[in-house]
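Hi,

Here's the structure I promised to pass along.

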Amino acid sequence: MKITFIDVGDMGSQIVPHLAQAGYDVVIWDKEPAKMTALAGDHVRAATSLEDAVTASKIIITSVMSADVPALHIGTVDDPGIVHYLQPGSTLIVTSTLDPRKITAIQSAMPAHATLLDVPMIGGVKYAREASLVLIAAGDKQVVETVAPVLETFGKIRYVSDQGNGAKLKLITNVAIMAAEAGIRETLDLADAYGIDYETTLELLQMGPLKPVVLRALDESNPRPLKDSVADEVELDNATKEFVDLPIATAAMKRLQKAVDSVDGEAKFIDITNKKTALPNASE
């Protein structure tokens with residue numbers, strides 16, 4: 001059975017091997033050819049174009065940053081998106097963190113002969129590597145059940161009914177997740193103010209209920225740029241600011257942006273736990 005996976009960045013590069021190991025023939029596509037070259041091999045073929053990738057199979061999984069979703073999925077007259085190439089009977093599975101209105105826009109552009117599923121993921125690169133992601137699946141239940149064996153190769157499915165609920169629930173859970181990420185940085189800001197070392201502070205945090213959050217932040221193998229956390233916060237803010245006040249999420253977005261801006265070059269996720277992202281007047 002063939003599966004298409006589009007965008008093989010930090011998450012996709014961990015998910016595709018699980019699909020291949022499960023015996024699926026995976027066709028991959030990414031705008032950066034080097035990423036495809038690194039993954040191509042047994043049961044994994046690099047597509048020559050977006051059209052080649054989408055027409056190669058009837059299950060298409062995408063995992064791209066939220067800002068890139070409309071152009072890639074819907075496209076324009078001059079630069080067609082995924083929906084333009086879907087075969088009859090295809091299922092398009094969108095796993096990005098999104099404003100629910102983007103799911104609605106993709107659905108509006110879908111051909112009548114294909115189905116859209118809204119399946120964002122909870123968990124980062126480590127969870128993808130360990131095939132322990134949580135997949136918040138929304139849309140036609142029968143179609144979700146049909147593609148479940150594919151999705152279960154890299155995570156556990158939680159079905160949440162109507163399309164759009166996946167996107168909504170991912171934003172809901174992100175309020176807590178992003179607050180925890182920014183909270184670690186702000187915790188260390190206070191440690192700086194008191195002149196307490198980071199090692200002791202992080203060690204104590206790991207002795208309580210925040211241990212999993214701190215361990216994730218300290219994971220040196222996590223390639224996620226910190227700017228991606230800010231991008232998720234921006235998506236959350238844009239999706240919700242017109243109808244609900246989320247001051248903690250807004251504050252988290254601002255603190256994480258300060259952390260990104262404080263690093264020369266690209267800030268890594270682990271940088272929220274070190275001096276690189278400290279406030280300018282932090283104690284040395």
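Ala131 sits in the loop that links helix 7 (125–129) with strand 8 (133–137). Keep in mind that this is a predicted model. Ala131 has a positive phi, near 55 degrees, even though the residue is something other than glycine.

His18 itself belongs to helix 1 (residues 12–21). Its relative accessibility is 15%, so His18 is buried, the limit being under 20%. The side chain of His18 also reaches the backbone oxygen of Ala128, at 2.8 Å.

There's another positive phi to look at: Asp7, not a glycine either, has a value of about 85 degrees. You'll find Asp7 in the loop between strand 1 (2–6) and helix 1.

Now for a pair of helices. Helix 9 (residues 165–194) and helix 10 (residues 198–205) have axes that come within 10 Å and cross at roughly 135 degrees. That angle makes helix 9 oblique to helix 10. The crossing of the two is right-handed. On the helix 9 side, the contact involves Ile184, Arg185, Thr187, Leu188, Ala191 and Asp192, and these meet Tyr198, Thr201, Leu202 and Leu205 of helix 10. Sorted by type, the residues of this contact are six nonpolar, two polar and two charged.

Cheers

Conventions:
Residues are numbered from 1 along each chain as its sequence is written. This is a predicted model: local features need pLDDT of at least 70, side-chain atom pairs count only at pLDDT 80 or more; totals for chains, interfaces and linings use all residues. Side-chain values use heavy atoms; hydrogens and water are left out. Helices (H or I, at least four residues) and strands (E, at least two) are DSSP runs, numbered from the N terminus. Buried means under 20% relative accessible area, exposed over 50%, partly exposed in between (1.4 Å probe, protein chains only). A polar contact is a pair of N or O atoms within 3.5 Å; within protein, one must be able to donate a hydrogen and the other to accept it, and residues adjacent in sequence count only if both atoms are side-chain atoms. Axes are lines fitted to C-alpha atoms, for helices over the stretch in contact, and angles run from 0 to 180 degrees between N-to-C directions. Angles under 35 degrees count as roughly parallel, over 145 as roughly antiparallel, 65 to 115 as roughly perpendicular and the rest as oblique. A crossing is left-handed if the near helix is turned anticlockwise from the far one by less than a right angle, and right-handed if clockwise. Contact means heavy atoms within 4.5 Å. Ala, Val, Leu, Ile, Met, Phe, Trp, Tyr, Cys and Pro count as nonpolar, Asp, Glu, Lys and Arg as charged, and the others, Gly among them, as polar.
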